[in-house]
Amino acid sequence: MLAVLLGSILISVSKGVENVCEIKVDPAKTYQVVEGLGASLTDSSAWLIYKFLTPAERKAVLDELFGKSSGIGLSYLRQPMGGSDFRLKEYSYDDLPEGVAEDRELKYFSIGYDKQYIIPVLQEILAVNPDLKIMGSPWSPPLWMKSGGELGKGYLRHEAYESYAEYFSRYILAYGKEGLEVSAVTLQNEPYFEPGSYGGCFMSPSDQIKLVKKLGQSFESHGIKTDILIWDHNWDRPEYPIEVLSDAEANKFIAGTAFHHYGGNIKAQTEVHNKFPDKGIYFTEGSDGTWNDRGFERNLLANGRFVIDAVNNWSKSIIKWNLALDEKNGPKIAGGCDTCYGVITIDQRSRKVTRNAQFYAMGHLSRFIEPGAVRIAVDGGDIACCGLKNADGSIVVYVVNDKEQDRELKLELGSRKSGVAVKARSISTICIDGGESGAVMEYYTTAKGSNLLPADEADFAGSRGK
């Protein structure tokens with residue numbers, strides 16, 4: 001068992017702990033602000049949470065996902081602007097009646113579909129976590145704006161750029177009227193992918209440069225302060241955002257670059273950051289699924305390593321894909337991913353809620369950081385870790401031990417030295433109080449599930465050894 005002694009904050013550990021590792025924490029050396037962790041409340045996720053669950057069940061699920069004292073404190077949602085592959089119908093915010101060919105003045109613009117259950121769930125989440133951030137991302141412009149007349153292919157027609165920029169502004173303003181502030185938008189989900197079976201739109205770097213300028217002008221005319229992010233695709237093409245950011249006029253409207261994890265290496269985030277250090281880096285989509293499912297144990301450790309890599313490669317957000325899916329990886333109409341998992345699974349047969357590995361991996365960070373938390377320098381030697389500092393001075397060190405043995409960590413924080421035992425094959429969060437006591441607390445999830453990140457404050461007090 002662990003025994004915490006204040007003052008020098010020396011933590012003695014039981015016998016049998018091997019592989020001592022020194023971790024040096026330097027809170028004076030800071031990097032990016034981490035804005036939040038979360039997922040996407042897709043059409044499928046929203047239907048499952050709002051239409052399938054009872055009000056009491058819904059409240060319990062949202063409290064556990066977004067509550068700070070009763071859950072893991074997720075705080076960022078990336079919302080499809082219209083349909084994605086996880087939808088119950090194909091739709092945009094400007095679908096035209098039969099016989100109408102185009103709508104350049106957006107007379108038919110409407111977020112009516114979202115008002116059925118997507119917006120109500122977002123409003124309930126905001127009530128649970130007032131610090132919630134929302135990012136909007138389109139999978140396709142309205143069909144009438146596109147070449148070829150196909151939802152899943154084609155490009156934005158030259159004559160539609162101004163209308164499409166206004167479309168973004170209308171979306172942000174309409175959501176604002178529902179009490180939902182859109183903090184950021186991306187220009188196009190996966191602009192180099194034309195899926196065919198669901199919404200998609202090809203956008204070259206020159207297309208995004210052109211759209212950024214139109215969008216920036218539209219935002220200025222409406223007094224909109226929403227951030228504009230480019231790319232929103234995989235790590236394998238860092239030259240794309242670099243080209244867009246290199247356009248001086250477009251650059252002034254761009255807040256940062258968004259990345260997905262389905263191709264390439266995460267070091268691309270640092271490559272783009274180094275070229276444009278004044279622009280943010282955001283991780284905006286990465287799904288778990290049958291293709292990378294190696295069981296809870298390996299999934300947990302892989303997700304934990306990803307959280308560390310994302311933070312250490314300048315991510316201001318870590319946003320997974322579907323927030324919730326059912327036992328059949330839906331519900332959804334045909335097309336797109338049939339093998340993706342949600343952060344949680346809600347079984348429509350048994351009504352059981354399963355917290356998947358990504359729930360715990362994100363929760364070990366999101367639960368402990370506050371808005372404005374900044375990454376700090378942490379040198380962990382041969383153990384994977386990252387560190388953040390909250391505004392109150394408290395320190396959060398996130399550690400993944402993928403070894404088969406328990407390990408003893410020797411934390412060095414200025415003149416303070418602490419020892420913490422981390423379990424084999426586990427994720428640990430080590431919290432160091434910012435006050436004079438400098439008290440140290442550890443919370444962990446074992447890969448075999450014998451100990452899981454507790455869900456409420458009462459559990460947290462006795463979290464060890466459960």
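This is a predicted model: local features need pLDDT of at least 70, side-chain atom pairs count only at pLDDT 80 or more; totals for chains, interfaces and linings use all residues.
Strand 4, which covers residues 36-40, pairs with strand 11, residues 315-322, in the parallel sense, and 4 bridges join the two.

Next comes an open sheet, built from 3 strands in the order 12-13-14 with mixed pairing. Strand 12 (324-325) and strand 14 (353-355) are its edge strands, each pairing on one side only. Strand 13, made of residues 344-346, pairs with strand 14 in the antiparallel sense over 3 bridges. Within this pairing, Ile 344 has Arg 355 of strand 14 as its bridge partner.

Finally, the helices. Helix 9 (residues 295-312) packs against helix 10 (residues 357-366) at an angle of about 40°, and their axes lie 8 Å apart. The crossing of helix 9 past helix 10 is right-handed. On the helix 9 side, the residues in contact are Phe 296, Asn 299, Leu 300, Asn 303, Gly 304, Val 307 and Val 311. They meet Ala 357, Gln 358, Tyr 360, Ala 361 and Leu 365 of helix 10. Sorted by class, this contact between helix 9 and helix 10 holds 8 nonpolar and 4 polar residues, with no charged ones.

Technical notes
Residues are numbered from 1 along each chain as its sequence is written. Side-chain values use heavy atoms; hydrogens and water are left out. Axes are lines fitted to C-alpha atoms, for helices over the stretch in contact, and angles run from 0 to 180 degrees between N-to-C directions. A crossing is left-handed if the near helix is turned anticlockwise from the far one by less than a right angle, and right-handed if clockwise. Contact means heavy atoms within 4.5 Å. Ala, Val, Leu, Ile, Met, Phe, Trp, Tyr, Cys and Pro count as nonpolar, Asp, Glu, Lys and Arg as charged, and the others, Gly among them, as polar. Two strands pair if DSSP finds at least two bridges between them.
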